[in-house]
Amino acid sequence: MNLLLTIKNSENKLGIKNFIQEKATRLNKYFSNKINISWKNFTENGLHFSEVKISGFAGPDIKTKVNSRNEYESISLAVLKLEKQLQKRQALQKVRFSNELKERIHLD
């Protein structure tokens, strides 16, 4: 996993960095190959934003943007949204694979 991390307008950069690294490792269980995660965490007008983009696999990139009043909450919400998207992606791949397998069996 390659993690590109950008943190702006935060007082506790080291704590945020460690928290994001910990949360990003949870996403590894959805991939078998190396992935690239680009994570931007910033504060604007009293709201904390987390923008995440995952790439490096077959198919479209996965992106999310979340805002919250708390930095840690915005990071957690972003990970939850990403996990939902990844679970849907895995379910679709399983359906496609099983349909292809059924077609091959019927053709033989």
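These numbered points walk through a predicted model of one protein chain.

1. Confidence. The chain has a mean pLDDT of 87. Of its residues, 88% reach 70 or more. Among the elements, strand 4 has the highest mean pLDDT, at 96. Helix 2 has the lowest, at 80.

2. Length of helix 1. How far apart are the end C-alpha atoms of helix 1? They are 18 Å apart. The helix has 13 residues, and at 1.5 Å a residue these should span 18 Å, so the two values agree.

3. An α-helix has 3.6 residues a turn, so residues three or four places apart point the same way.

4. Aromatic pairs. The count comes to 3 aromatic pairs. Two of them are described here, in this point and the next. The ring centres of Phe19 and Tyr72 are 5.0 Å apart. Their planes stand at 85°, which is over the 60 degrees required, so the pair is edge-to-face. This pair links distant parts of the chain. Phe19 belongs to helix 1 (residues 13–25), while Tyr72 belongs to helix 2 (residues 71–107). They are 53 residues apart. Phe19 is buried because its relative accessibility is 18%, under the 20% cut-off. Tyr72 is partly exposed, at 32%.

5. A tilted pair. Phe31 and Phe57 have ring centres 5.1 Å apart. Their planes are at 35°, so this pair is tilted. Both partners sit in loops. Phe31 is in the loop between helix 1 and strand 2 (36–44). Phe57 is in the loop between strand 3 (47–55) and strand 4 (62–68). The pair links distant parts of the chain, 26 residues apart. Is Phe31 buried or exposed? Phe31 is buried, with a relative accessible area of 12%. Phe57 is buried too, at 12%.

6. His48 and Thr43. His48 is found in strand 3, and Thr43 in strand 2. A polar contact of 2.9 Å joins their side chains. His48 counts as buried at 14% relative accessibility. Thr43 counts as buried at 19%. The His48 side chain also reaches the backbone oxygen of Arg69, at 3.5 Å. Beyond its neighbours within four places in sequence, His48 is in contact with several residues, including Phe42, Val66, Ser68 and Ser74.

7. Most residues other than glycine have a negative phi. Which value does Asn9 have? Its phi is positive, about 55°, although Asn9 is not a glycine. Asn9 lies in the loop between strand 1 (2–8) and helix 1. It is exposed, with a relative accessible area of 59%. Asn45 also has a positive phi, near 55°. Its place is in the loop between strand 2 and strand 3. At 76% relative accessibility, Asn45 counts as exposed.

Methods:
Residues are numbered from 1 along each chain as its sequence is written. Side-chain values use heavy atoms; hydrogens and water are left out. Rings of Phe, Tyr and Trp (its six-membered ring) pair if their centres lie within 6.5 Å; planes under 30 degrees apart count as stacked, over 60 as edge-to-face and the rest as tilted. Helices (H or I, at least four residues) and strands (E, at least two) are DSSP runs, numbered from the N terminus. Buried means under 20% relative accessible area, exposed over 50%, partly exposed in between (1.4 Å probe, protein chains only). The expected span of a helix is 1.5 Å times one less than its number of residues. pLDDT is the predictor's confidence in each residue, from 0 to 100. A polar contact is a pair of N or O atoms within 3.5 Å; within protein, one must be able to donate a hydrogen and the other to accept it, and residues adjacent in sequence count only if both atoms are side-chain atoms. Contact means heavy atoms within 4.5 Å.
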